[in-house]
Each structure stands twice: as structure tokens, then as C-alpha cells.
Amino acid sequence: MAYPETHRYPGQLHRSEAEPESGALAKVAVLLLGLLVGVLAVAAVLLWASARDARSDARAAAGKAAGATAIANPHDAMAGMPGMAATSSATASFAGAAPANAKALAAAHKPFPAALPAAPTGPVAKVHLGVKDVVQQIAPGIKYRAWTFAGGAPGPVIHVRQGQLVKVTVTNDGTMAHSVDFHAARIAPNMAFRDVAPGESFTFSFRATDPGVFMYHCGTKPVLAHIANGMYGAIVVTPTRPLPKADREYVLVSSEWYLNSPGLGQPASLDMAKAHAMTPDWVTWNGYAGQYVAHPLQANPGETIRFWVVAAGPSLDTEFHVVGTLLNRAWANGDMTHLQRDVQTVAVPAGGGGVFDVKIDRPGLYPFVSHSFASVDLGQVGVLRVGDVHGTMSH
Ligand SMILES: [Cu+2]
């Protein structure tokens with residue numbers, strides 16, 4: 001099979017020619033071919049360098065056209081940004097770092113409210129997102145310099161009804177430009193998801209035409225950094241056509257944290273090299289490692305519990321699983337037009353969502369996890385406590 005010339009590497013170009021028949025003529029041919037390969041290699045390097053220059057010229061031009069700063073290398077852009085470390089190689093892992101009083105801190109931590117809030121009535125749902133830089137705890141005693149919607153990561157759970165007009169106002173009280181991208185919206189992103197400068201407000205509206213659970217996040221470049229620093233949340237769009245009854249509804253947002261220090265004394269900031277390598281120090285439900293282990297989500301035996309799950313990433317999927325039961329109903333990918341029954345684990349892709357019902361009759365402690373178990377070890381585990389049960393869990 002012949003590949004197009006541009007897909008070949010110089011070293012692979014002449015493999016068949018570099019294995020000539022024996023004889024003096026062949027040896028001369030090998031010598032000449034060796035020279036040719038050398039020349040081609042130099043030419044290839046020159047072409048690559050020229051293409052690279054052309055690319056960075058194009059980037060600079062695009063940046064100027066957009067009125068933005070061209071970012072040839074995200075690391076360069078990090079330097080001098082508050083809450084951002086300009087490292088070229090990843091720091092060691094700080095996974096599992098904990099102060100001596102970690103258990104007491106976990107008990108004292110006020111968990112992120114996972115219960116689905118009520119949707120507003122009327123034709124318009126107003127949403128205000130105040131962007132702020134904060135230091136927040138992401139695990140017992142672990143501090144992180146986050147960029148947030150409304151003072152914490154994840155941002156507030158937004159609940160609207162299908163068909164409502166969602167009127168979003170972003171007020172930027174941070175120190176750099178931010179924006180908000182709603183996956184629930186069908187709208188021109190260059191208009192609606194535009195950068196909002198520090199000190200400014202911006203309002204846009206979209207019709208919640210599609211039911212499900214969706215991610216929202218900052219879409220300002222480099223997006224990886226803005227999501228990794230805490231700028232994400234979930235919006236639930238309740239379908240017009242009623243879903244089967246659920247007794248309790250919880251919203252879970254998974255995310256990874258990439259730290260440039262343990263975060264035990266001074267707050268940690270983002271380690272962009274770790275974010276690129278996708279080697280998080282912590283993975284959390286609703287922004288704090290293990291918070292629903294210390295403070296389980298509650299249910300009574302026989303109730304149907306609905307989980308609205310978003311994987312914020314920035315880069316890892318969540319394999320949603322509840323230990324000790326099956327998912328009675330699963331709307332994979334948040335597609336509310338049909339469901340799967342009695343499945344064990346359903347993938348929620350980074351930037352995606354899923355809706356899952358469990359009905360548990362027996363009292364007990366049922367952990368909910370990403371069954372990609374490295375994430376469990378990094379903090380992505382919570383407990384659904386069914387009935388008045390105490391003790392420890394198996395996972
Ligand atoms: Cu941002």
C-alpha cells in the first residue's frame with residue numbers, strides 16, 4: 001500500500017533501496033543512497049522548521065485578529081498568571097497527602113450540596129455566575145488556588161426545565177478574562193461564549209431545548225487550565241415528558257486536580273505539565289476528595305435514587321458504578337429519549353453526562369465510584385447510605 005509522500009518519514013523512505021544486492025556497484029549505490037538520505041534528512045529538518053515558523057506566524061496573526069495574545073506555548077502564557085505554575089516538567093505526585101488531623105478536617109468539612117435544587121417556574125430561568133479566585137480545600141487539609149464560578153468548584157448546580165429560556169449573566173471579579181460555555185446550548189459560541197474581561201459583566205440567553213445533564217465550563221484559552229483550576233459545573237434540564245418517579249435526586253460532578261505542591265501549608269496551584277500528562281494528584285466528586293464518605297448521601301430502603309452525573313475532566317472519563325447494586329435505569333450520555341436497564345457500569349466521557357437510577361431495598365453502605373480504580377485511590381469515592389446504617393464500607 002502506498003502512503004502519500006507527506007506521511008513518510010525520511011528514515012523510512014528508502015527501506016527497500018537500502019537493502020541492495022551484493023557487489024561493488026551495490027556498495028557504491030549504498031554510499032550514494034546514504035548521502036541522499038542525509039541530504040533528505042537535512043531538507044526535512046529545514047522544511048519542518050519553516051512549517052513551524054509558518055504555524056506560529058499563523059497563530060500570531062489569528063491572535064491579533066481575535067484581539068487576543070497569541071499563545072505559541074501554553075507554558076509561556078502561564079508565567080506571571082496568578083494561580084498558575086510555569087513548569088516544563090511535572091512535579092512529583094502529591095496524591096494522598098494529608099495532615100495529622102485529616103480525619104477531623106474531613107468530619108468538619110461542609111460537603112458540596114449534592115441534592116438537585118428545584119427548577120425555577122415561569123418561562124425564564126435566570127442564572128448568575130460570579131467569577132472569583134478563591135483558595136479552596138480539595139481534600140482534607142489540601143488547599144488549592146482555584147478559579148471559580150460563584151466561589152467554589154464545581155460551580156452551582158443549575159436546574160431548568162426543557163423549553164425554558166436560560167438567561168446567563170457572567171460577572172468577572174477575577175484577575176483575567178473568563179467565559180462560560182454551556183453544553184446544553186445550541187448557540188454561536190463566538191457570540192455567547194466570548195471572553196469577559198475582569199470587572200465586566202456579560203449576558204446571553206439560550207433556549208433549553210434538550211433535556212439531560214450537561215457540563216458548563218470556562219472556555220477561555222488555555223481551556224485545559226481554566227477547567228483544571230475549577231471552572232466547571234452541571235446544568236440539569238428536566239424533560240417535558242415526565243421521567244419515572246425518583247424519591248431523591250443527586251448531582252455529581254467528577255473532576256481532576258493537578259497540583260504543583262502538596263497544598264498542605266501554602267495553597268497549591270496548577271501544574272500544567274501534570275495536566276498535559278493526565279496524571280492527577282486528586283480526583284473528586286463535587287470538588288473534594290471523599291467528602292461523601294465522611295458525609296454519605298442518604299436514602300431509605302426501597303427508594304429510587306437518581307444520580308445526574310457530569311464528568312468535568314478536564315481530561316479523564318468517569319466509569320459510573322454503584323458498588324453492591326446495578327443501575328436499574330441508565331440514560332447513557334444523558335440521552336433522555338431511551339434508557340438501558342440493569343447495567344453495571346456506564347461510561348461518562350469527559351465533557352459529557354449520564355443519568356442513573358438505583359433502587360436499593362437492603363440497608364447498607366453502597367459506594368459510588370468511577371470504576372477506573374486509579375480514580376478511587378485519588379479520592380473519587382462517595383457513599384450512598386441506605387437506611388440508618390453505620391460502620392465502614394468495603395471500598
Ligand atoms: Cu476561565
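Ser-254 stands opposite Trp-285 in strand 12; strands are DSSP runs of E with at least two residues, and helices are DSSP runs of H or I with at least four, both numbered from the N terminus. The model is predicted: local features need pLDDT of at least 70, side-chain atom pairs count only at pLDDT 80 or more, and totals for chains, interfaces and linings use all residues. Residues are numbered from 1 along each chain as its sequence is written.

Strand 12 pairs with strand 10 (residues 248–257) in the antiparallel sense over four bridges; two strands pair if DSSP finds at least two bridges between them. In a regular strand the side chains alternate between the two faces of the sheet. The two sides of strand 12 carry these buried residues, where buried means 20 or more other C-beta atoms within 10 Å of the residue's own, C-beta atoms being placed from the backbone.

| Side of strand 12 | Buried residues |
|---|---|
| One side | Trp-282 and Thr-284 |

Asp-281 lies in the loop between helix 6 (272–277) and strand 12 (282–285). Asp-281 counts as buried because 29 other C-beta atoms lie within 10 Å. Beyond its neighbours within four places in sequence, its contacts include Ser-93, Trp-257 and Leu-378, a contact being two C-beta atoms, placed from the backbone, within 7 Å.

The largest nonpolar core has 90 residues, of which Ala-234, Ile-235 and Val-251 touch the most other members. Strand 14 (residues 304–313) gives the most to this core, with seven residues. Such a core is a set of buried Ala, Val, Leu, Ile, Met, Phe, Trp, Tyr and Cys residues joined through C-beta atoms within 7 Å.

Methods: A residue is buried if 20 or more other C-beta atoms lie within 10 Å of its own, exposed if 12 or fewer, and partly exposed in between; C-beta atoms are placed from the backbone.
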